[in-house]
Structure formats: structure tokens, C-alpha cells
Amino acid sequence: MPELPEVEVTRRRIAPLLLGRTIAEVATTRPSYFFLTPPARLRRALTGRRAEALDRHGKYLVARLDDGSRFVLHLGMTGQLFSSTVTSPRLLRAAARGTLAPDAQLRFTPDRHTHLRLRFADGGPEVWMRDARKFGKALWLAPGASDARLDRLGPDALAADGGQLFVASRGRRVAVKSLLLDQAVLAGVGNIYADEALFFAGVRPTRAAGRVTRAEWERIASALRRVLLRSIETGGSSISDYLAPDGRDGAYQDERRVYDRAGAPCRRCATPIRRLVIGARSSHYCPRCQR
Ligand SMILES: [Zn+2]
């Protein structure tokens, strides 16, 4: 699932394709839970508009349009936002990747999962959004309109502040790992980067959030910034369906210390990494480095 770094990499690479270009035509698939704004209304709202800024809050992308309205996208589990000129084997399902000849794997034409296609007045590359599982979201907000999904988000994880997390965690019995995944506490962190940050901070994911000390929260906040910034720098984690807008793969998955490394030796002390389930999410930690 794309987390903050992958969404930020997407933002940085899709912005040049989107900003300042007038949208001439919008094609969508049929109404589904992907469309929080019905597709017919979305097509009307976006046609003729021009994006002036592209912001990110947590895992949401928010395009500010020239009429003061906003267009919000969430990549969900398998969302892919990319240029129509991209060639990447990630655009095909895993089953198809294995059976097609290598050159055929690179060609992609919009399929039934390509829910959104923006064509521009300048005739240049289009912007497409594809989402096989449709847990992503597309939402249009009229000028001045608000949305509960955006309003309930906590501060962006890149601005994580140890003091804020300490205060938010007092009296909370949930595991520290679960608190980090709570988007109302901190926006943008998911499973990979929560596990990685807790490793760098030396804090075990199962600890009750309310028992984590202020000094430990400071370490967690700084570890979060460190892993998120490093991942953005390397282009994010290219696992599962994540696809950068220009098709280039990220490399952070090669640097992971604990996530998805159960049984492998800790890179710091060689103790085997453990995996357990916390709040229905798999968690990974070093039993020696994390207390
Ligand atoms: Zn260790």
C-alpha cells in the first residue's frame, strides 16, 4: 500500500504533468466506490479547469484548481497515477507479467481498471489513474467545501513532533504501532514506515502507547522523519502495485531493517527479526534492539 513517501514521490513527479495545463476532456469508468463524486459530475467539474498547485496531506493528493475548487485523490491499496507515456510491467497483473513476452509486458492501453483519464488542451501526455482494487478515491470539492476525510487527519508525518505524539498518547492503551497508524493522530504513516521507525527508535511495537516516554516519542518522531525522507530520496518502496508516474522504480525496499524480514538476521545485532500481528497488521521488530 502506498504510504507517505510513495504519495510524495507521486506528487513530485506528476506535478509537472498536471500544473498549468488546461484539461480538455475527462474519461472515466462507470460509477463505483472509487468515485466519491459521481463520475458524470466529476467530468463536468474538471473539464476546462487548470490545476494551479498540487499539495499532499498524509496519503491524500489535493490539486487546487483555477476556479477555487479542489480535486482530491487517494491511491488506496493499488492506485496508480501516471503519465500515458509510461511503460512499466507494474501496469499488468502479476499473473499476466509471468506469461507475456518481455516486450509485450511494457505496452499498456487503458483497461477496465483505468478509472480516470485526463486529456489536455495542448495535446501532450495524458494523466491516467488506474486502481485494480478500487480502494483509491476520487473526490471533487466545490470552492470553500470541506470534507470529513480531510478534516479528521492529524498533522502530516513529515512534521511529526515528539511532544505532540507524547500528548496524543497519554492514557492510550493501544500498541504504539497502532497509534502510529491512526491517521487522526498522524497522517501518512502505514505499516512499512511504522515498523522501520520503531526499529530506529529502539521501541518495541507492542508497547502500550501511553507508557512510551517523552524521550522515546522524540526518538520515534525523529526516526519517522529520517525513514520517510530517506524513502522519498530513493523513490519510495516499489513493492506490490506501486508505480511512480514516470514508471521508474523506487529502491527503499532494499534498505528495510525489519519490515517483511521475519527470520532474517537483524542488520545491527544479527538476532532473527520477529513478526507478530498487532491490530490485524503484521509487525516486524528486533527482540534485542527494541525494548
Ligand atoms: Zn537487533
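**Exercises: a zinc site and a hairpin**

Strand β10, residues 281-285, is mostly covered in this predicted model. Four of its five residues are buried.

**Exercise 1.** Work out how strand β9 is joined to β10.

*Solution.* 
- Take the strand limits. β9 covers residues 274-278.
- Check the direction. β9 and β10 run antiparallel.
- Count the links. Five bridges join the two strands.
- Pick out a pair. R275 stands opposite H284 in β10.
- Look at the connection. Two residues separate β9 and β10, and the strands form a hairpin. In the turn, G279 has a positive phi of about 55°.

**Exercise 2.** Find the donors of the zinc ion and their spacing along the chain.

*Solution.* 
- List the donor atoms. They are the SG atoms of C266, C269, C286 and C289.
- Read the distances. They run from 2.2 to 2.4 Å.
- Write the spacing. It is C-x2-C-x16-C-x2-C.
- Check their exposure. Buried means under 20% relative accessible area. C266 has 5% and is buried. C286 has 0% and is buried.

**Exercise 3.** Decide which arrangement the four donor atoms form around the zinc ion.

*Solution.* 
- Get the angles. The four donor atoms subtend 101 to 113°.
- Apply the cut-off. Four donors count as tetrahedral if all angles lie between 85 and 135 degrees.
- Conclude. The angles at the zinc ion make the arrangement tetrahedral.
- Compare with the ideal. For four tetrahedral donors, the ideal angle is 109.5 degrees.

How values were computed: Residues numbered from 1 in each chain as written. Predicted model: local features only at pLDDT ≥ 70, side-chain atom pairs only at ≥ 80, totals over all residues. Heavy atoms only, no water. Buried < 20%, exposed > 50% of the residue type's maximum accessible area, 1.4 Å probe, protein only. Pairing = 2+ DSSP bridges. Donors = N, O, S within 2.8 Å, 3.2 Å for Na, K, Ca; no water. Tetrahedral: all angles 85-135°; square planar, octahedral: opposite > 155°, others 65-115°.
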